[in-house]
Amino acid sequence: MLGRRLLLLFVVAFALGGCEREQRSTGFRVALLSPGPISDAGWNAAAYEGLLAVRDQLGVEVSQVETRTPPEFEEAFRDYARRGFQLVIGHGFEFQDAAAKVAPDFPRTVFLTTSGSTVRPNVAPLVFRLEDATFVLGYLAARLQPDGKACAVGGMDIPSVRGTFVAFEAGAKHARPDYPVTVSYIGGWDDLGAARAATLALIDRGCRYVFQNADAAGPGVFQAARERGIYAFGSNRVQHEVAPTAVLASAVIDIPHAFVAVARDVKDGRFQARPIEETMADGTIAVVYNPALAAVVPADVRHDVDALAAAVRARTVAVPYAAL
Amino acid sequence: MLRALAAVVVAFAASALVLLVSGARPLPALAALVAGAVGDRFALTDTLLKTCPLLLTGLAVALAFRCGFWNIGAEGQLLMGALAATAVGRTTGAATFPLPLLAALGAATAAGALWATLAALLRVLRGVNEIVATIMLNFIAARLVGWAVHGPLMEAAGRYPQSDPVPTAALLPMVAGRVHLGVALAAALAAVIWALLFRTSVGFRWRVVGDNAQAARVAGFSPERAVLTAMLASGALAGLAGGIEVLGVTGRLFEQFSSGQGYTAIAVALLARLHPAGVTLAALFFGALAAGSGAMQRVAGVSAVFVAIVQAGTLLALLALEASRGRTIAAAEHP
């Protein structure tokens with residue numbers, strides 16, 4: 001009899017203690033789910049800098065976790081939300097489905113995905129239109145060597161990455177309508193060897209300017225470029241520190257600025273779930289040159305590129321944006 | 001049991017040292033690890049969900065190793081199982097439950113068995129080293145999954161390299177919360193594999209072939225047949241692991257589907273000394289470690305890299321203590 005009562009007590013305690021919907025709140029807390037290592041000097045590193053900026057500028061508590069697969073996305077979203085984090089950022093297009101799935105259970109947490117189009121009462125995409133900058137880089141490549149070829153190496157073939165390549169090619173064709181651009185994907189974000197091999201193959205087929213958007217595998221692209229003496233373009237963050245002799249310029253996102261703005265809105269209760277778009281016109285997206293290789297770009301080309309960037313900012317040139 | 005406890009203590013002490021080097025505070029970090037593994041129902045659920053594929057692939061590896069076949073291909077067999085379960089689950093999903101589920105699980109089992117048999121045939125007929133063959137088949141399976149989710153199985157929206165969700169009629173029922181029936185199935189299969197290995201003539205042949213193929217041949221057993229049947233069973237288990245992962249956890253297939261469970265399975269099997277009961281415990285341990293390490297990042301702010309070091313260090317400590325136990329026993333037997 002006593003045993004059965006104890007068992008019942010145990011079951012009740014278990015059920016109560018394990019309630020997944022509990023929401024404890026102690027101060028404002030922000031979490032980041034990165035799809036790769038924050039040491040990638042690119043996409044993930046930039047997001048981590050953004051998270052630290054939120055911590056320092058708003059004086060709030062932050063946390064970060066590396067998540068690789070949709071089940072891990074969901075697990076991390078759920079865990080942060082149940083622990084009462086008010087803002088959880090899934091860093092990439094791929095986090096949308098998990099955010100939409102978890103969000104109804106945690107109405108008091110805002111789920112932000114960087115890229116995407118999914119909007120729910122507490123889910124919103126923060127879209128970085130890196131296309132603005134890759135368009136300018138494509139134009140730069142085609143102007144530097146009008147009879148050459150350019151190429152791009154990506155991690156996974158997802159809209160947010162493909163979009164940067166489409167704009168890169170459109171930029172090149174803006175300079176010369178039949179400028180050839182070849183694209184290759186390695187099917188993941190970590191394999192430096194695969195990125196290097198893919199780049200070498202593209203160079204063997206005549207590529208002279210390579211743009212990479214492969215996160216932690218990106219340095220493999222720079223390595224190949226350095227080996228064969230061609231120039232590369234970085235993405236998401238200033239990347240000429242990674243390969244000072246190979247990276248001519250980078251398409252850069254000012255993620256700290258964007259994260260702080262959103263986090264401040266959420267913190268102050270002013271946040272409205274809607275697609276947020278950051279562009280070159282806002283100053284969040286930019287092209288940053290490698291000062292050590294400034295001599296590679298002739299003055300007239302530099303002038304025209306700057307003029308094109310101004311036109312992109314003024315929206316007098318149409319940059320193709322990815323449908324997300 | 002006492003020795004296992006000692007191993008865990010040593011492992012935690014070593015981990016604490018690593019954490020100290022990383023700049024994290026070791027005690028809160030390890031507390032987060034434990035809480036994230038067994039602290040509450042959320043943690044226990046995560047541990048069980050992460051144990052399930054490790055248990056099945058661990059059994060697959062242990063069974064193959066017992067037969068002297070170095071099956072490094074549980075990863076590829078798991079992926080083929082996931083691929084088959086998704087394809088069949090999506091096409092038969094309109095029928096009434098449980099037909100689509102059974103069809104999908106059957107397809108996963110068959111696909112895993114087929115993938116493993118390829119390597120077994122290569123060795124039996126052509127003398128191809130099975131380690132090389134199974135590793136290469138892993139790469140092919142990963143590429144096949146990548147191709148499928150960019151091609152025929154890609155979601156209708158065409159945005160992300162993943163399949164559309166498998167219809168509900170093909171999904172595994174939930175036992176409690178997010179814990180699906182596959183967990184119970186895996187536990188039952190551990191018992192079945194134990195019985196198969198130690199209580200049937202088939203299992204006896206596998207073990208004899210694994211211990212000494214020459215002696216098996218002299219005794220009238222065909223090592224070739226034993227390897228083929230063992231790999232059929234091994235691949236079936238690993239394939240089922242992939243199928244259950246799709247039908248119980250992810251609900252769909254996507255690129256980079258496995259986070260390396262098929263490789264962790266080798267550590268699980270070796271730590272368990274290839275015994276099904278041990279595999280169950282080892283899989284639980286690795287499942288708990290995987291669940292807890294996620295929490296260690298989220299709660300204690302330890303970076304993913306150091307979490308990986310702690311995981312590997314724990315395994316090494318356990319193996320080292322296991323090895324020293326082996327020596328002690330050997331010394332006692334042969335003074």
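Visitor: Is A:Met280 buried or exposed, and how should I read such a label?

Guide: The label rests on relative accessible area, where buried means under 20%, exposed means over 50% and partly exposed lies in between, with a 1.4 Å probe and the protein chains only. A:Met280 has a relative accessible area of 3%, and therefore counts as buried. Before going further, note that this is a predicted model, in which local features need pLDDT of at least 70 and side-chain atom pairs count only at pLDDT 80 or more, while totals for chains, interfaces and linings use all residues; side-chain values use heavy atoms, without hydrogens or water. Residues are numbered from 1 along each chain as its sequence is written, and chains are lettered from A and ligands numbered from 1 in the order in which they are written.

Visitor: Where in chain A is A:Met280 placed, and which residues is A:Met280 in contact with?

Guide: Helices (H or I, at least four residues) and strands (E, at least two) are DSSP runs numbered from the N terminus, and contact means heavy atoms within 4.5 Å. A:Met280 sits in the loop between strand S11 (276–278) and strand S12 (285–289) of chain A. Setting aside neighbours within four places in sequence, its contacts are A:Asp132, A:Ala133, A:Val136, A:Ile285, A:Ala309, A:Val312 and A:Arg313.

Visitor: How do helix H5 and helix H10 of chain A pack?

Guide: Two packed helices are described by the angle between their axes and the distance between the axes. Here the axes are lines fitted to C-alpha atoms, for helices over the stretch in contact, and the angles run from 0 to 180 degrees between N-to-C directions. Helix H5 (residues 131–144) and helix H10 (residues 299–314) of chain A pack at about 155°, with their axes 10 Å apart, so H5(A) is roughly antiparallel to H10(A). The classes are roughly parallel under 35 degrees, roughly antiparallel over 145, roughly perpendicular from 65 to 115, and oblique for the rest. The crossing of H5(A) past H10(A) is right-handed, a term used if the near helix is turned clockwise from the far one by less than a right angle, left-handed being the anticlockwise case.

Visitor: Which residues make the contact between H5(A) and H10(A)?

Guide: On the H5(A) side they include A:Asp132, A:Phe135 and A:Val136, and on the H10(A) side they include A:Asp304, A:Ala309 and A:Val312. By class, the contact has ten nonpolar, no polar and four charged residues, where Ala, Val, Leu, Ile, Met, Phe, Trp, Tyr, Cys and Pro count as nonpolar, Asp, Glu, Lys and Arg as charged, and the others, Gly among them, as polar.

Visitor: At what angle do helix H4 and helix H11 of chain B cross?

Guide: The axes of helix H4 (residues 74–92) and helix H11 (residues 261–271) of chain B come within 7 Å and cross at roughly 135°, which means that H4(B) is oblique to H11(B). The crossing is right-handed, and B:Ala74, B:Glu75 and B:Leu78 in H4(B) meet B:Gln261, B:Gly262 and B:Tyr263 in H11(B). This contact has three nonpolar, two polar and one charged residues.

Visitor: Which residues touch the most other members of the largest nonpolar core?

Guide: In soluble globular proteins, nonpolar side chains tend to be buried together. A nonpolar core is a set of buried Ala, Val, Leu, Ile, Met, Phe, Trp, Tyr and Cys residues joined through side-chain atoms within 4.5 Å. The largest one has 85 residues, of which B:Leu56, B:Trp206, B:Leu237, B:Leu247, B:Leu253 and B:Phe257 touch the most other members. Helix H10 (residues 223–250) of chain B supplies the largest share of this core, twelve residues. Apart from this core lies another, of 74 residues, among them A:Leu126, A:Phe135, A:Phe271 and A:Leu293.

Visitor: Where does the backbone call for a closer look?

Guide: Most residues other than glycine have a negative phi, and most peptide bonds are trans. The peptide bond from B:Phe97 to B:Pro98 is cis, with omega near 5°, and B:Pro98 lies in the loop between H4 and helix H5 (99–126) of chain B. A:Ala41, in the loop between strand S1 (29–34) and helix H2 (43–58) of chain A, has a positive phi near 60°. A:Arg315, in the segment after H10 of chain A, likewise has phi near 60°.
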